[in-house]
Amino acid sequence: MTSNLRHNPILSIRNVSKTYENGFKALNNINLQIKNGEIVAILGSNGAGKTTLISIICGIVSMSLGEVLVAGESIHDDFRSVRSKIGIVPQELTVHEFESVWSTVKFTRGLYGKKPNPSYLESLLKSLSLWEKKDQRIMTLSGGMKRRVLIAKALSHEPSILFLDEPTAGVDVELRKDMWRIVSDLRAKGVTIILTTHYIEEAEEIADRIAIMRKGEMILIEDKKTLMQKLGKKELTLELMKSLKSIPASLQKHKLELSSDGLQLRYQFDSQKSDKGILNLLDDLKNAKINYKDINTKQSSLEEIFVELIKESK
Ligand SMILES: Nc1ncnc2c1ncn2[C@@H]1O[C@H](COP(=O)(O)OP(=O)(O)OP(=O)(O)O)[C@@H](O)[C@H]1O
Ligand SMILES: [Mg+2]
C-alpha cells in the first residue's frame, strides 16, 4: 500500500456530467466522495448511468464536465499512476479467448508496471477456484469461469480501489457467494470497493453505503444502516391462539390487519420513534382477552426501500 492511501477521501467525484456524442446526457452533475476502505453499492435501473460513471472514473469514457480525484490525484494529471491503483471488472465479458488463464492474468499485472509475483497470482487463482484451469485457453471455460478470470485480471495488480460492474449478473449462486467472500477478504485488506448491482440483497449483504442513481442523477447516498432505519418500516405480527372473525371494536384505533385465516394480527410501526402504540396495543389485547402464542417483528428490506424511492422520484 502506498502513502496515498491515507488520503481521505480516496475517491472524489465532483460535478461530473456526461453528454455522449449523439447528444444524450447520461450523467448530470454527479457528486460522490468515497472513503478509504469503504464498500459502496450503486443501485439504479437499466440506463441510469452506473456504467458510464464507473467508465469515467476508470478512464474508459471521457467526462464532459467535472473532475475525478483518486487519492488526491486528478485522473487527467497522472493517468498511469492513478490507473494502477484501480481494478475494474467490467459489465461486459471481455477476455482474450486464445490465451491461457495464467498468461492473461500475468500479462495484465505486467501492464500496470507491477513486478511479477507468481505466488500472489497463484493464491488469487486458487481463491477464485481457477487454479486447476490455469493452463487452459479461456475459450474452453464456461461463462461463469470467464467472469472469474475477469475478476482475477482486475485483482492481478493488487489495486487499492476495485470497481465491480454487476459482478454477479447471470452467475450461479456459488459464484455469487464466492464473490461475497472475496469482497469481504478484500475489505479486510483495506481495499475500497464500488459495485453496481441489480441484486439488492447483494447490496444489503456487503455494502456500507448505498447510492441510488436515476436517469443520470444521484438521487440518494446514504449509510446503509441509517437508510434502513430511516426508511424501513417495521411490522409486528401476533400469532393468535384462537382465530378471530373480525377485529374487535376496542382494537379498531390501532390500525391492525387481520390475516384471512384470522390467526394473525399485523401492526406496522415506525422503527425510529419509540412507539408507545405497541404497549397500548398489548394492553388492549389483554383487556379484550385475545391471547397470542408468539410475537414476531420484521424490518422492511433494502429492496422494499429501493422500490419505494424509485417510485417516489418519478
Ligand atoms: N456510447 C454511447 N452513446 C450514446 N449513449 C450511450 C452510450 N453509452 C451509454 N449510453 C446511454 O447512456 C445511458 C446510461 O447508460 P449506462 O450503461 O451508464 O447505464 P447503466 O446504469 O449502467 O445501465 P445497466 O443497468 O443496464 O447496465 C443509457 O441511456 C445509454 O443508452
Ligand atoms: Mg451498466
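Student: Which residues have the most contacts inside the largest nonpolar core?

Tutor: Keep in mind that this is a predicted model. The largest nonpolar core holds 64 residues, and V40, A41, L125, A152, F163, I193 and A211 have the most contacts inside it. Helix 5, residues 143-155, gives the most to this core, with six residues.

Student: What does A152 touch, not counting residues up to four places away in sequence?

Tutor: On that basis, A152 touches V105, L124, L125, L128 and L130. There is also a second, separate core of five residues, and L238, L265, Y267 and L285 are among them.

Student: How is the chain divided into domains?

Tutor: Domain 1 covers 3-228 and domain 2 covers 233-300. The C-alpha centres of domain 1 and domain 2 are 46 Å apart.

Student: Why is V89 called buried?

Tutor: Burial is judged by counting neighbours, and the threshold is 20 or more other C-beta atoms within 10 Å. V89 is buried because 21 other C-beta atoms lie within 10 Å. V89 belongs to strand 6, residues 86-89.

Student: Which residues does V89 touch, not counting residues up to four places away in sequence?

Tutor: V89 touches L150, I151, A154, F163, L164, D165 and P167.

Student: Where is T197 found?

Tutor: T197 sits in the loop between strand 8 (192-196) and helix 7 (200-206). T197 counts as buried because it has 22 C-beta neighbours inside 10 Å. Leaving aside neighbours within four places in sequence, T197 is in contact with A41, L43, E166, T168, E202 and A203. For T197 and I219, 22 residues apart along the chain, the C-alpha separation is 16 Å.

Student: In what order do the four strands of the open sheet run?

Tutor: A general point about strands comes before the case. In a regular strand the side chains alternate between the two faces of the sheet. Here the four strands form an open sheet in the order 2-1-4-5, with antiparallel pairing. Strand 2 (25-34) and strand 5 (73-74) stand at the edges with a single partner strand each, so one side of each has no neighbour in the sheet.

Student: How many bridges join strand 1 to strand 2?

Tutor: Six bridges join strand 1, residues 11-19, to strand 2, and the two run antiparallel. To follow the pairing residue by residue, take S12, whose bridge partner in strand 2 is Q33.

Student: What do strand 9 and strand 10 form?

Tutor: Strand 9 and strand 10 form a hairpin with two residues between them. K215, in the turn, has a positive phi of about 45°. Strand 9 (residues 209-214) and strand 10 (residues 217-223) run antiparallel and are joined by six bridges. In this pairing, R209 stands opposite D223 in strand 10.

Student: Which residues come nearest to ligand 1?

Tutor: Ligand 1 has 13 residues around it, of which Y20, N46, K50, T51 and T52 come nearest. Helix 1, residues 50-57, gives the most to this shell, with three residues. Sorted by class, the shell around ligand 1 has four nonpolar, eight polar and one charged residues.

How values were computed. Residues are numbered from 1 along each chain as its sequence is written. Chains are lettered from A and ligands numbered from 1 in the order in which they are written. This is a predicted model: local features need pLDDT of at least 70, side-chain atom pairs count only at pLDDT 80 or more; totals for chains, interfaces and linings use all residues. A residue is near a molecule or strand if its C-beta atom, placed from the backbone, lies within 6 Å of it. Ala, Val, Leu, Ile, Met, Phe, Trp, Tyr, Cys and Pro count as nonpolar, Asp, Glu, Lys and Arg as charged, and the others, Gly among them, as polar. A nonpolar core is a set of buried Ala, Val, Leu, Ile, Met, Phe, Trp, Tyr and Cys residues joined through C-beta atoms within 7 Å. A residue is buried if 20 or more other C-beta atoms lie within 10 Å of its own, exposed if 12 or fewer, and partly exposed in between; C-beta atoms are placed from the backbone. Two residues are in contact if their C-beta atoms, placed from the backbone, lie within 7 Å. Domain bounds come from an automatic or database domain assignment. Two strands pair if DSSP finds at least two bridges between them.
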